[in-house]
Each structure stands twice: as structure tokens, then as C-alpha cells.
Amino acid sequence: MLVQTPKFIQALFPSIIWRKKTKNKEVWLTFDDGPTPEVTPWILTTLKQENIKATFFLVGRQIEQYPKLVGEIINEGHSIANHSYSHKNGWLCSKEKYISDVEKCQELMPENSLFRPPYGKITKAQISVLKVKYKIILWDVLGWDFLQNTTPEKILKDILSNTKAGSIIVLHNNQKSFNNLQSILEKTIKSLKEKGFSFSVTW
Ligand SMILES: [Zn+2]
């Protein structure tokens, strides 16, 4: 399983941000798919203990269900961003439907300017419309925390060995990944700090 996104795929999609350009030893930690009542409060507590900030790519229909959790994310100083309204797969969806799903989420966070396509799946036609209004953010480090047949040790090792300055790391704010996340989040943050990384939410 690939932890890093191959360079040739990155080259095919020049308007997507896979990794940030930076002169500093900093990384961007991101959580997809919340807010989730069983998971988000635990993530917030862990980030607070470690005194770091992260970016939460949120799903519109869950924002509507759990607005209080969104308030807590913001109050803790984290960033929120658009992960579509109903988590559609762009490869299986017309351009019009896809764009309107993104816009429906955006209405819930009008000041946001970041979008991450669910599953990382988006077509060139969808990109050409969305890039006018949004920075389209994917990642260069994927921990596969949502897989059931992996181990916390493997997730942690993969993340640590692939992260470099400017890396965008994706983890998940959903129930499917929660067991793995609980095993690795604190260790991941502490190990990255030991390697000298700081955590940015400035996009
Ligand atoms: Zn997602």
C-alpha cells in the first residue's frame, strides 16, 4: 500500500496541493470526515494535551447534525474546511451534481477557501470549476488508519518515515478509523515533535 502519493500522479494534477512549500520544518495535520460525536471530542482533547492545531475537513450533512461539535473545533483554534455535503465520489458523479454538493457544504462555512475531495477522487472537469474558488487540498502522507487489517505500529512507522517539511498528513475523524487513531495519534504527534516538526494550520 502506498503511503506517499507517487510523483507522476501529482504531476497530472498541477492545480491540486499535495504538499506545502515551506522553508520551515512544519507539517499540516488534517482530519477528514467529521464531525463525529464518538470521535471528535477525543481528537480535540488529544490535540489540546499536545498543544497543537490541525485542520478538520468536515462533511456538510454531519455539520448540520452536530453543530455544537463544529463550534468546539473552532473554539479550540483549529481550522475547518469543506469535504463536501454528502461525501460523494467525484468519479461516479456528474460535474453539476458534484459542484452543487460542494457548494451546499460551503454555505455552512462561507469564509472557508479549502476543499478536499472525498476519497481523493475528482475529475479534471470538476477541478477546473472548483479551483477558481477553492484551494484543492489532497495529501502526501496517508496513514491508512481506516484499514482494519493493519497495525498501529505499521501506521505510525509509515507516517514517520514519509513525513517531511511541508507534508500534509491525513487521518480520519470517523468511527471506522477510531481504534487505530486512538493507538497512534498521541505517539505520532510526539514522535514528529521529537524529530523537530511543528504543526501549522496556515494554508
Ligand atoms: Zn472523507
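Which residue of strand 8 is the bridge partner of Thr30? Val170 is. The notes below start from that pairing.

1. **Basis.** This is a predicted model: local features need pLDDT of at least 70, side-chain atom pairs count only at pLDDT 80 or more, and totals for chains, interfaces and linings use all residues. Residues are numbered from 1 along each chain as its sequence is written, and side-chain values use heavy atoms, with hydrogens and water left out.

2. **Strand 2 and its neighbours.** Helices (H or I, at least four residues) and strands (E, at least two) are DSSP runs, numbered from the N terminus. Two strands pair if DSSP finds at least two bridges between them. Strand 2 pairs with strand 8 in the parallel sense, over five bridges. Strand 9 also runs parallel to strand 2, joined by two bridges. There, Glu26 has Ser198 as its bridge partner.

3. **Burial of strand 2.** Buried means under 20% relative accessible area, exposed over 50%, partly exposed in between (1.4 Å probe, protein chains only). Nine of the nine residues of strand 2 are buried, so the strand is largely enclosed by the rest of the structure.

4. **Strand 3.** Strand 2 and strand 3 run parallel and are joined by four bridges. Asp32 has Phe57 as its bridge partner in strand 3. The chain passes from strand 2 through helix 2 to strand 3, a right-handed β-α-β crossover. Right-handed here means that, with the strands pointing away from the viewer, the path from the first strand over the helix to the second runs clockwise. Thr55 and Phe57 point one way from strand 3, Phe56 and Leu58 the other way, and all are buried.

5. **Strand 4.** Four bridges pair strand 3 with strand 4 (residues 79-82), again in the parallel sense. Ile80 in strand 4 stands opposite Phe56.

6. **Zinc site.** Asp33 (OD), His83 (NE2) and His87 (NE2) coordinate the zinc ion at 2.0 to 2.1 Å. Donors are N, O and S atoms within 2.8 Å of the metal (3.2 Å for Na, K and Ca); water is not among the atoms, so sites may look incomplete. The donor spacing in sequence is D-x49-H-x3-H. His83 and His87 are both buried.

7. **Helix 8.** Gly196 follows helix 8, with a positive phi near 95°.

8. Buried residues of helix 8 include Leu181, Ile184, Leu185, Thr188 and Leu192. Among the elements covering them are strand 2, helix 2 (40-50) and helix 7 (152-162); contact means heavy atoms within 4.5 Å. In helix 7, the buried residues include Ile155, Leu156 and Ile159. Strand 7 (141-142), strand 8 and helix 8 are among what covers the buried residues of helix 7.
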